[in-house]
Amino acid sequence: MKTLRAVITNLFKWAYLLFFFAIAVLPLVWLILTSFKTEAEFNAYPLALPAVWQLQNYVNAVSVAKMHVLFMNSVIIATTATLLNIMVTSLASFVVSREDFPFRQSLSNVIVAGVLMPIVAFMVPYLAIIRNLGLYDTRAALILTYAAINIPISFFLIKSFMVNIPKDLEDAAIIDGCSFVQRYTKVVLPLSRSGLVTAGTLTFIWSWNEFIYALLLTSSSSVRTIQLGISFFTTQFRSDYPSMYAAVVLAMIPSIIVYVFFHDKIISGLTAGAVKG
Amino acid sequence: MLVKNKNWKWILIFMIPITAMYTAFFIYPFGFVFFSSLTAWNGISPMEFIGFENYSKLLQASTLQISVRNNIIWSLSLGFLQIGLATIIAFILARRPRFWKTLRTVYFVPKVISGVAIAMLWKAVYNAEYGALNAVLTLITGQEWSHNWLGAFNTALPAIIAQEVMYIGYFMIIILAGVMSIPTSYYEAAEIDGASVWQQETLITLPVVWGIIVTAMTLAMAYGLRHFEATFLMTGGGPGHSTSTLALMMYDKIGARKLGEASTIGTILVVVGFFVIVTLNKTLGSKSLTGEDQ
């Protein structure tokens with residue numbers, strides 16, 4: 001009897017695991033399949049495989065929606081925001097983890113506590129700040145905002161990494177005549193590469209996917225990000241759903257590529273924050 | 001002391017960028033959102049101080065009541081339903097069944113894809129004419145389904161919440177990491193004492209990772225309060241205002257150039273958010289949210 005019960009439990013377990021697997025994968029697969037169908041085919045048989053795998057929808061997506069402009073804007077914004085974010089947080093992480101100065105611990109705690117801030121509630125202040133800086137409707141507005149919003153998480157990840165680098169290495173470097181700045185650039189920074197990559201990956205994916213502040217802080221189509229761009233497709237494509245889905249698939253590709261290469265980093269980065277301590 | 005550290009100039013220089021950006025984007029907005037909530041302001045002409053008028057005006061708005069109700073539904077669905085589902089997956093995967101690593105990676109995929117793409121995807125699934133959901137239901141039941149899931153009052157909110165609740169990847173990973181850090185010797189000892197799998201999970205795993213589950217619940221409920229993106233993209237708050245949330249209302253107020261009222265909603269979001277985080281941690285047991293060792 002015990003074995004029968006074990007079989008049933010096992011069955012339920014796998015049904016449960018597979019259900020969530022299906023939820024995560026099937027809608028995506030359906031979207032990708034649809035992006036290769038003709039419009040008539042999609043209207044007649046929404047669930048069927050494409051009769052002919054044709055790329056016309058992708059051609060439409062690029063020509064109608066100016067995907068290349070949107071794509072370039074997102075690449076520029078997400079990359080620059082990530083670099084700025086990593087520079088600012090690694091400088092601070094270095095002094096907080098390697099030097100002693102007044103209010104060091106409290107400063108660090110305040111910055112990390114920023115992860116709990118409901119950023120969405122700051123629509124009005126961010127709009128005011130960006131307008132006052134004269135940055136409204138520029139790529140710089142989003143670069144600065146994205147770099148700033150990700151400070152708490154990046155600072156936390158990089159600092160936890162730098163704290164664990166043995167002090168001896170730096171002492172040896174000082175004896176060899178390393179200056180303060182060289183200790184940062186030549187000793188600590190190279191040794192914390194793994195932490196920098198984790199923080200950078202998270203910031204890049206977040207910035208690539210961000211929607212709310214792209215909507216609020218930009219208005220003209222020349223600086224528009226890809227996420228904002230595809231959210232306007234419903235009107236641009238009218239009812240040509242397959243072409244719209246082709247554009248959505250194109251917008252997903254970079255985050256998926258980054259995830260394929262760095263998923264271990266992403267998973268370890270996310271768990272570090274929640275589980276430690 | 002700063003002066004005692006011979007590198008004090010460099011320390012100052014290294015800390016200036018983060019201090020400036022953090023102040024501008026985390027501390028100043030805090031004060032700004034509260035102050036401007038007490039004003040009538042269109043964003044162009046100077047602010048006019050009007051005390052708590054925005055608050056009393058908002059409390060009477062019927063959209064506010066709907067939004068608050070929806071935010072509560074969101075918070076409870078994410079905090080209990082999503083975390084419950086995620087916890088079960090984490091407990092199963094922690095016993096390292098076949099393909100557990102692949103499953104963990106795949107469950108997280110929807111969380112790397114942008115909210116916009118996910119929203120477009122589900123809008124397509126829920127579409128009345130060509131949607132996959134109606135097509136699947138037609139196939140299973142043999143009857144013609146043409147329900148407009150996002151356009152009908154009774155299914156719009158559940159439809160948006162359901163797609164979000166079922167993406168358990170993020171919280172599953174956090175809870176799984178906690179479960180996997182439990183030494184296997186605990187379970188070996190329990191096994192020798194004749195404890196069943198069920199007993200092991202409820203008497204060992206659950207109490208040990210309870211702190212992490214509470215953290216996850218707190219975060220999930222805070223996300224429920226802030227909810228904006230999926231609803232904005234899938235229904236825009238409609239039909240009527242039936243799927244509106246506080247953040248959506250705030251965005252509409254900005255569009256209507258009522259920035260003072262928008263800030264009032266922003267202030268409510270911040271205050272209620274902190275209240276939720278503090279009370280949940282006090283009532284359900286505490287664990288440092290940021291994982292900082294104090």
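Me: Which angles between axes count as oblique?
Reply: Angles under 35 degrees count as roughly parallel, over 145 as roughly antiparallel and 65 to 115 as roughly perpendicular. The rest are oblique.

Me: In this predicted model, how do helix 4 of chain B and helix 8 of chain B lie to each other?
Reply: Residues are numbered from 1 along each chain as its sequence is written, and chains are lettered from A and ligands numbered from 1 in the order written. The model is predicted, with local features needing pLDDT of at least 70 and side-chain atom pairs counting only at pLDDT 80 or more, while totals for chains, interfaces and linings use all residues. Helix 4 (residues 100-112) of chain B and helix 8 (residues 169-180) of chain B pack at about 135 degrees with axes 8 Å apart (axes are lines fitted to C-alpha atoms over the stretch in contact, angles running from 0 to 180 degrees between N-to-C directions; helices are DSSP runs of H or I, at least four residues, numbered from the N terminus). Helix 4 of chain B and helix 8 of chain B are therefore oblique.

Me: How many residues of chain B are in contact with chain A?
Reply: Contact requires C-beta atoms, placed from the backbone, within 7 Å. On the side of chain A, 74 residues take part, and the number from chain B is 75.

Me: Which helix gives the largest share of the side of chain A that touches chain B?
Reply: The largest share is 15 residues. These come from helix 15 (residues 241-275) of chain A.

Me: How far apart are the C-alpha centres of domain 1 of chain A and domain 2 of chain A?
Reply: An automatic or database assignment sets the bounds, giving domain 1 (2-34) and domain 2 (64-275) in chain A. Their C-alpha centres are separated by 34 Å.

Methods
Helix = DSSP H or I, 4+ residues; strand = E, 2+ residues; numbered from the N terminus. Contact = placed C-beta atoms within 7 Å.
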